[in-house]
Structure formats: structure tokens, C-alpha cells
Amino acid sequence: MTSTKIVKLDSLNLKIDYLKEAADILGNGGLVIMPTETVYGIASNMADARAIERLYQIKQRPKDKPFSVHIDTKEKIEYFAHDIPVSAYKLMDKFWPGPLTLILKSRNKDTIGIRIPDDNIALRIIALSGVSVVCPSANISGKPAPTNFQDAIKDLEGLVDFAIDAGSTRSGIESTVVDLTVEPMRILREGAIKKEDIETVIKKKAILFICTGNSCRSVMAKALLEKALKEKNRDDVEVLSAGIMMLEGLSATEEVKELLAREGIDVAGHRSRRVTRDMIKKSDVILVMEKLHEKRILELIPEAKNRLFLLKEFAKINNNNLDIADPIGRPYEFYAQTLGIIREAIERINNLI
């Protein structure tokens, strides 16, 4: 039996030396009891076979029940999973960090559970360790998952190398586990996040409009679609807009403000945003103004191909040019013509979604 070092930590006043010590123990194949926002867990290096074998023995857990990976940033999900569905990115955007474990297809053609805990201590240790961390609940299998340190250490003192006493966990309810490898998705365990909240997020469509600077064409498209959806009393669609240029924080052009004001739409509060990988990944439909934008998006996220369209494809215009030209620097009349093309496309899109 090993000797367990026990330390006290406050998530609002972290002691970096203790965090580094815990991280080093994980890197060297040791086991660490640490808090998350849900329950206390036993952290281990997933890539260390001896550490994982020891973890199974301590928990008395069947070998056919794999451990979920805990990561500290969303980007790391792609180290472990592939063929990640849009629904996963929607749930990550809404609930991570937080009490949600996603079951996805792993890179070895199996499945894997992944989550980001919403706890400063856990996140810092994971980041500092530099290893792939699994963290099942700190209890013998079949017993209740511990929500305070006393219950976590009760059966495990002397069986783990390091233990962090951070008092009671914040929520005290285990994470909700959602299997996204099947269609429709399955909720394997309803925990801190309710089934209806999961379903609401997944069912809500995300439509992303992209232009160059996010100050004219994509602003018009977003505003017109939002107005059309509001008139139908629909709240099951999220409408986004962004640009491929670096500049952010610009307002809509004066011409766009004036034209949309005539439609009863106020975009005075709009500020331009640069498109991100996260925006693309969580969008069900991506609508761009030019083939240049289409090329740029596919360079960023090649797997977005089947969700990516030129907006003008939806307008009833009989010519071979599917670009909606940038009106920046053009006369007011050109802006008005551009709005007319976009309106026609939006009317068709509104009837399709």
C-alpha cells in the first residue's frame, strides 16, 4: 500500500506548487484524487498502461467499461475523436466547460468519452500534466460518487499517491453522458444537464453567413433572415454572420444601416467578427457570398464541404456568375441591388429551413 499525500486547496486561491506536484505525479504514472465541479475523481495518465491497470483494480471496475478523457481546451477533442458531428460542437459551445460527457468515435475506430470539467483545480492540473488524463469518480464501483473530500478519501487513502481536499464540489451531480455515435443520439446518463436541454440545443439549427469584412452583405443576410424567422415566431434557428478578414469590431456601413432601416431593421449595434473554426464547425448551413469565401472556408475546415453553399444559388437569377459582388466603395444603388439579390435568396432559404 502506498502513502497518500493529502493537501488542501481553494479553487479561488490556487497553490501552484501543489498543482505542479499533482501534474508531475500523473506524468510519472501516479494516481491523484482531485475535485471537479460534479464529483471527486481519480486522475490517471491514459497512455500509461500500468497506471490504468492500477486504476481498474482500485475501483474494482470491469475492464469492458472504459474511462472518459478529461481535457482542458475544446481544440484537444480532435486529438482523440474523429468524424465529429455538428451536434457535438453545438453541445460543446453551450455546455463546456461543464458537466457534459460526449461519447464520440475515437481515432482507433472505437468510441471515447470526453469532457472539459468546469473546475480551476482540475483544469490546471490537466494542462500542467502534459498527458491524456482520465478521471473516473473517486469511489469503488457500485458505491455513490463522492461530492466531498471525506467521502472520496474514505476508501482510497493509501491506494492513491496524492489527494486534493477542496471541500465540497460545486454541483454534486454527475455529468450527463450523451452518445453521439448513433442516430438519433442517446442519453446514457441524465445528470446535471437535463435531457430536454440537450435536445433543445441539438435541434436548434445554426445558419452562418460569411462575406469579406462582415460589414455589408453578411449583415444584410443575417438581418433579413432574423426578421423572417421572427415573423414566423420561430426561435429554433440561430443566425450568425462573420467575415474572412482580420479586422473586427467595425460597424455596418452607413448604406447598409439606411437600407435595413427601411426594412424596419436596426443594425446600429452590429460589430464585425472574423469567422472562426468553432463557428464553422457548429453551423448546419454555411452561406457565403463569393467563391473566394468558399475556398477560404474549405481551407479552414475541409469537412464543411457538404454544408457550404453560395448564397446566390438560392436566388432566381439566370446567369453563370454565382458571386454576390462586394458593394463596398460602390454607389448607393449598387447596395440596393445587392440587398434585392440577398432578399430573394433569403426568402427561399426561409421556406427551406
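Helices, of at least four residues, and strands, of at least two, are DSSP runs numbered from the N terminus. With that naming, lysine 109 sits in the loop between β5 and β6, the latter being residues 111-115. Keep in mind that this is a predicted model.

The overall picture. The protein has 353 residues, and 49% of them count as buried. It contains 12 helices and 14 strands. The C-alpha trace spans about 80 × 40 × 35 Å along its principal axes. Of the contacts with a separation of 6 or more, 67% are between residues 24 or more positions apart.

Now the backbone. Most residues other than glycine have a negative phi, and most peptide bonds are trans.

Lysine 109 is exposed, because its relative accessible area is 78%, and the cut-off for exposed is over 50%. Aspartate 83 also has a positive phi, near 55°. Aspartate 83 is in the loop between α3, residues 77-80, and α4. With a relative accessible area of 52%, aspartate 83 is exposed.

Next, the cis peptide bonds. One joins tryptophan 96 and proline 97, with omega about -10°. Proline 97 belongs to the loop between α4, residues 86-95, and β5, residues 100-105. Another cis bond runs from glutamate 183 to proline 184, with omega near 0°. Proline 184 is found in the loop between β9 (176-179) and β10 (186-189).

On to the helix pair. How far apart are the axes of α1 and α5 where these helices pack? The axes of α1, residues 16-27, and α5, residues 120-129, are 8 Å apart, at an angle of about 55°. That angle is why α1 counts as oblique to α5. The crossing is right-handed. From α1 the contact includes Leu19, Ala23 and Leu26, and from α5 it includes Ile121, Ile125 and Leu128. By class, the residues of this contact are 8 nonpolar, 1 polar and 2 charged.

Last, the cysteines. How many disulfides does a search of the whole structure find? The search finds 0. Take cysteine 211: the closest cysteine sulfur, in cysteine 216, is 5.1 Å from its own, so the pair is too far apart for a bond, given a cut-off of 2.5 Å. Cysteine 211 is buried, at 0% relative accessible area. Cysteine 135 is buried as well, because its relative accessibility is 7%, and buried means under 20%.

Terms used: Residues are numbered from 1 along each chain as its sequence is written. This is a predicted model: local features need pLDDT of at least 70, side-chain atom pairs count only at pLDDT 80 or more; totals for chains, interfaces and linings use all residues. Side-chain values use heavy atoms; hydrogens and water are left out. Buried means under 20% relative accessible area, exposed over 50%, partly exposed in between (1.4 Å probe, protein chains only). Axes are lines fitted to C-alpha atoms, for helices over the stretch in contact, and angles run from 0 to 180 degrees between N-to-C directions. Angles under 35 degrees count as roughly parallel, over 145 as roughly antiparallel, 65 to 115 as roughly perpendicular and the rest as oblique. A crossing is left-handed if the near helix is turned anticlockwise from the far one by less than a right angle, and right-handed if clockwise. Contact means heavy atoms within 4.5 Å. Ala, Val, Leu, Ile, Met, Phe, Trp, Tyr, Cys and Pro count as nonpolar, Asp, Glu, Lys and Arg as charged, and the others, Gly among them, as polar.
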